[in-house]
Amino acid sequence: MSQAKVDRYKKEKANRAKIMKKQKQQKLIAQVCAGVIGVALCVWIGFSVYDKVHVEVAQSYEVNVDALTEYQNSLSVD
C-alpha cells in the first residue's frame with residue numbers, strides 16, 4: 001500500500017465511530033419519515049373510502065295540515 005492509502009485508512013478508522021453514528025441517525029430518520037408517510041396514506045385512503053361508502057340519506061317529513069285547513073275553511077264560511 002502506498003503511504004497515501006495508509007494515511008486515508010487511518011483517517012477513516014479514526015472517524016469510523018462518527019460515520020457509523022451519522023449513518024444510523026440518517027437511517028432512523030428515513031424510517032420514521034417513511035412510517036409517517038405510510039400512516040398518512042392509510043388514513044387518507046380510509047377517509048376517502050368512508051366518504052364514498054357512507055352517504056347520508058336526505059330525510060323528508062310529511063305534515064298533516066288537514067285540521068288547519070278545516071279551521072281556516074270554517075272561519076271563511078261564517
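The protein, a predicted model, averages a pLDDT (the predictor's confidence in each residue, from 0 to 100) of 90, and 96% of the residues score at least 70. Confidence is highest in helix 2 (residues 16-53), at a mean of 95, and lowest in helix 3 (residues 66-77), at 86; helices are DSSP runs of H or I of at least four residues, numbered from the N terminus. Residues are numbered from 1 along each chain as its sequence is written, and side-chain values use heavy atoms, without hydrogens and water. Local features need pLDDT of at least 70 and side-chain atom pairs count only at pLDDT 80 or more, whereas totals for chains, interfaces and linings use all residues.

L41, W44, I45, V49 and V53 make a nonpolar surface patch of about 530 Å². V53 lies in helix 2 and is exposed, at a relative accessible area of 64%.

Zero disulfides (cysteine sulfur pairs within 2.5 Å) are found in the whole structure. C33 is in no disulfide, the nearest cysteine sulfur being that of C42, 16 Å away, which is too far for a bond. C33 is partly exposed, with a relative accessible area of 43%, and C42 is exposed, at 57%.

Notes
Helix = DSSP H or I, 4+ residues; strand = E, 2+ residues; numbered from the N terminus. Patch = residues over 30% accessible without salt bridge, like charges linked within 9 Å, V, L, I, M, F, W, Y side chains within 5 Å. Areas by Shrake-Rupley, 256 points an atom, 1.4 Å probe, with all protein chains shown as cover. Salt bridge = Lys/Arg side-chain N within 4 Å of Asp/Glu carboxyl O. Buried < 20%, exposed > 50% of the residue type's maximum accessible area, 1.4 Å probe, protein only.
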